[in-house]
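Hello,

Here is the structure I promised to pass on to you. Have a look at it first, and then read my notes below.

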Amino acid sequence: MSSVLLLVAQNYKQEVEDTLLYFARNSRVWGNFKVDRVRISGNVYKVELGEMFNSLHYRPELVDSMEQAVKSVIASKYAGYEVKLYAQKKNNIRDLVPNYYRRPCDIDRTRYNTKYTKTTPFVSNEDRVYEVKHGLQDRNIALWQSHGWYYEQRTDRWQWQRARVFTTVEDKFTLSFVIPYLAPMLERAGANVFMPRERDYQRNEVVVDNDDAQCTMRNAQIKKPGFAHIQSIYREHENPFCAGTYGVIKTNKEETSSVVWRAEIPEDGWYWVSIAYVTNEKSVSDAKYTVRHSAGETTFRVNQQMGGGTWIYLGQFYFRKGADAEHASVVLSNESKHDGVVVADAVRFGGGMGNVARRPATDAEIARLKDEKDRKRKISIYEKVDYEISGRARFWEASRYWLQWAGAPDSVISYTKGLNDYTDDYTCRAQWVNWLNQGSVNAPDSAGLGIPIDLSFAFHSDAGCKLDTVIGTLCIYTTPFDVNSNEYKYEFPSGQSRFASRDFTDFVMSQIVGDIRATANPNWTQRWMWDRSYSESRRPEVPAMLLELLSHQNFEDMRYGLDPRFKFIVSRAIYKAMVKFIASQNNEECVIAPLPINSFALRLIGDNKVRLTWRPTVDSLEATAVADKYVVYTRRDGEGWDNGCLVADTVLVLPIGVGEMMSYKVVAINDGGASMDSEILSAYSARNAKGEVLVINGFDRVAGPEGFQSAPYAGFPEWLDRGVGDGVELQYIGRQHDFDSRHPWISDDDSGWGQSNSDYEQMLVAGNTHDFPFIHGRAIAKLGYSFVSCSREAVENSDVNIVDYKFVDLILGEQKETLWGNDSSSCKYRTFSVNLQRELRRYVSTGGALFVSGAYVASDNWLSVNASKADKQFVKSVLKVEWRADRATQDGELKAVYAPNNTSFEGEYKFVQYLNEDIYAVESPDAIVPVGENAYTVMRYSQNNNSAVVAYSGGDYRAVVCGFPFETLETEEMQERFMKQVFDFLNRGE
């Protein structure tokens with residue numbers, strides 16, 4: 001009878017499939033949708049959908065509409081029958097609706113983790129001046145950035161796990177999302193972020209152990225085992241967290257004892273500080289650590305009842321080389337609200353270089369393995385005595401090596417018993433999540449570090465080539481699996497349904513694709529949400545997913561993927577999805593942190609005060625992302641940042657000492673957390689000032705490299721424009737040299753289309769630091785002038801009246817019109833907007849003195865897509881120059897030349913045209929020539945005598961215009977000398 005009912009039902013299969021395909025096409029999910037079969041059971045009409053239907057974002061309204069549509073198709077024969085739709089045969093699509101979107105009566109409470117309510121915070125910053133109430137406060141998130149530099153036993157070499165294509169490699173590409181964007185966004189929302197790869201790209205590392213002379217302890221009982229750094233390299237089975245001792249100190253309501261770790265800092269810079277301790281049965285939940293750094297002190301409370309036996313990050317701080325203990329140390333106090341002990345072991349400053357050494361396993365080592373399956377895993381033909389370290393900064397390395405340095409046991413890092421590092425690396429990440437989580441309320445019947453992890457997230461990019469098409473985004477989760485028994489189970493150890501992973505994946509996929517379509521590419525491809533058995537999605541014992549954001553092997557995807565703006569959008573989308581998912585898991589309100597502020601400006605009030613003003617930024621994508629308050633951070637003389645002050649308004653007046661260079665940044669705050677940083681502005685109040693200068697930061701551009709496509713050739717030729725990194729560029733490895741899309745991938749060493757060089761893959765390439773008013777201001781201050789700075793928006797919005805200033809220094813850096821991907825309708829970063837042109841015309845009409853420098857100061861108004869005759873006329877009539885050539889020199893050398901109006905400029909200079917870690921490289925400086933009377937070339941490029949600097953000295957105003965950015969002059973001495981000559985000229989005739 002059942003076969004008859006199935007056969008009868010099949011009569012409607014095509015009509016049902018055609019109806020449901022409408023919903024699939026409307027979802028804009030890419031893939032082959034089909035109906036596998038339809039059948040009748042009682043009075044239920046069951047439709048088994050193909051696997052692709054598992055990838056739709058089901059919401060109650062969508063499910064209602066799909067069921068009703070099928071009912072309409074079968075109404076003539078099956079009126080009154082209930083319709084049920086199943087994805088992958090077993091999942092009723094109603095069960096694929098995340099709890100967040102369900103009607104209250106339909107909530108699936110098995111997806112909640114009922115055992116985990118937020119406990120005592122793990123790590124909290126006592127000096128943070130704002131509170132997070134509806135974000136990720138005290139949540140614990142495990143995430144990682146795909147692969148890393150690893151040892152391949154087959155070939156006896158260290159290598160990347162993926163191919164070098166389109167100027168990057170996946171092992172670095174995904175890191176460029178996670179380190180500068182995603183992790184900080186989560187932490188500013190209150191989360192503790194854990195990563196199985198080193199996060200600090202500081203190559204220096206200072207480790208101070210409790211046994212070292214640089215550590216002072218009072219009233220401590222010494223116990224074993226603890227951390228010890230007693231060897232330069234670590235081989236198989238060697239765990240530094242089992243090699244030393246640790247100190248135990250009884251707590252007191254008031255401090256009676258302390259431990260001080262003093263660091264001998266080898267080089268000025270930013271260092272992440274991390275701590276190690278042992279969790280004791282009497283450990284307290286509020287161990288007090290104070291980091292002493294260049295800008296003062298920052299205090300943390302650490303719950304030592306969890307997390308003992310690994311490195312725990314506190315924060316990132318600026319330290320000076322050779323600083324004394326008051327400015328380069330960590331102090332642990334025994335002051336606590338609780339009776340118990342604090343445990344003192346080690347402190348680490350910086351990320352350092354890789355120190356885990358590898359070699360192929362010897363036959364003798366393999367023979368000692370008890371399990372025959374393990375012995376069969378041998379993949380190497382090499383028999384070596386010597387071990388080899390990677391020779392690279394630790395944060396480039398794969399998880400397997402950092403985790404050994406971080407104390408993870410062999411059961412976590414060596415799934416293959418050390419015979420295959422590739423396999424050990426991708427399996428160790430999920431096992432590390434469980435190691436952190438086990439022993440917590442999430443998994444109380446197991447032994448681990450006791451940190452209750454809320455979710456696990458693996459960030460990858462995919463492979464594949466499709467000329468002219470974005471391959472797009474794929475997400476993977478696993479529902480039926482138990483890591484310990486390998487049986488098909490639908491629950492985590494906490495009792496929580498593994499369908500929570502599906503909900504999590506739905507949040508992330510819909511948020512990423514929705515935000516990209518709304519801001520960058522309205523046709524971004526959404527691929528699939530797979531319920532598949534991948535190690536990184538099935539092994540974690542908490543809700544977990546794996547993201548394949550895009551294809552790093554595909555040109556159209558990488559038009560976006562290499563762009564820092566895209567990285568920000570994607571990272572913020574992931575952060576927002578995590579907030580919403582965790583809120584839905586705990587039936588909590590969620591608020592999204594604001595976007596960074598804009599229209600930032602400083603103004604001196606007298607000699608001893610500075611007034612800061614700014615505007616909030618409206619987030620059109622998130623209604624809750626509204627700023628309530630702000631935090632203003634202060635930096636003195638270019639060192640580290642203080643702990644900030646909370647401000648209720650968009651105006652703040654602060655004291656400024658005469659003769660002190662002060663810098664400021666602002667973050668916007670609400671109940672969801674803090675925004676990313678604003679640009680950095682600086683100010684200086686000179687004693688007996690010669691005058692006051694306004695420095696306008698007109699360089700806010702960040703961008704990926706410019707691409708070209710002329711079938712079959714496509715790629716990123718750096719002779720066009722290599723783009724501008726946001727701060728430090730982490731992804732770059734070298735120039736692309738294969739542009740022929742017909743060349744297939746053969747191996748990772750012969751990757752075909754997109755193949756790129758590797759000469760820069762260990763360099764942190766300097767980009768836009770958003771801190772150039774400091775460099776300009778430093779040179780201005782040396783001349784005896786006071787100065788303030790502002791953003792370009794503040795001038796364009798008339799928040800700053802530039803006519804109030806005798807001198808204006810306009811920074812244009814590498815500002816120029818930039819497209820989104822290949823979309824010429826979406827341009828940003830023009831050198832001179834209509835409003836900026838208006839304000840500069842007004843300024844020179846009052847007799848002002850103007851200094852402008854930038855690589856595209858003229859060419860952007862001649863060559864950009866939207867350049868107009870009015871733009872050219874502005875440059876000619878106000879700046880008194882016109883464009884003559886781009887890429888005007890290749891060696892950055894300048895020389896002063898005679899001009900009838902030149903009594904100031906002399907000597908030779910050089911600006912940076914090579915990639916480096918300190919200042920962005922200027923690949924295409926402008927050649928500019930004077931226009932009209934009283935405008936003359938005063939400097940030329942030495943290589944070819946092209947005109948580089950033009951000075952105008954009319955009776956109405958004065959101007960100096962440079963075809964290169966001032967801040968890229970190679971040395972501070974050059975900058976001071978050049979700025980003096982500029983001001984001598986601007987002042988002449990006074």
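**Cavities, pocket and overall build**

The structure holds six cavities of 30 Å³ or more. A cavity here is a set of points, on a 1 Å grid over the protein atoms alone, where a 1.4 Å probe fits but cannot get out. Grid points are joined across faces, edges and corners, and a volume is the space filled by probe spheres set on the points.

Before going on, two notes on the source. This is a predicted model, in which local features need pLDDT of at least 70 and side-chain atom pairs count only at pLDDT 80 or more, while totals for chains, interfaces and linings use all residues. Residues are numbered from 1 along each chain as its sequence is written, and side-chain values use heavy atoms, with hydrogens and water left out.

The largest cavity has a volume of about 190 Å³. Its lining has 19 residues (those with an atom within 4 Å of a point), and the closest to its centre are Pro-564, Lys-567, Gly-725, Glu-729 and Gln-731. Helix H5 (175–188), helix H14 (564–585) and strand E39 (728–729) each give two or more residues to this lining; the largest share, three residues, comes from H5. Helices (H or I, at least four residues) and strands (E, at least two) are DSSP runs, numbered from the N terminus.

Next, the second largest pocket, with a volume of about 570 Å³. A pocket is an open set of points with protein on both sides within 12 Å along at least five of seven lines. Of the 27 residues that line this one, Glu-706, Asp-721, Lys-816, Glu-817 and Leu-819 are the closest to its centre. Strand E43 (818–820) and helix H18 (860–863) are the elements that give two or more residues to the lining.

As for the whole chain, you will find 20 helices and 52 strands in it. Along its principal axes, the C-alpha trace spans about 105 × 80 × 60 Å. Buried residues (under 20% relative accessible area, with a 1.4 Å probe and protein chains only) make up 62% of the 990 residues.

Would you like one residue to start with? Arg-292 is buried, with a relative accessible area of 17%. Leaving aside residues up to four places away in sequence, Arg-292 touches Glu-297, Phe-319, Ala-325, Glu-326, His-327, Ala-328, Ser-329 and Val-331, where a contact means heavy atoms within 4.5 Å.

Best wishes

Methods: Buried means under 20% relative accessible area, exposed over 50%, partly exposed in between (1.4 Å probe, protein chains only).
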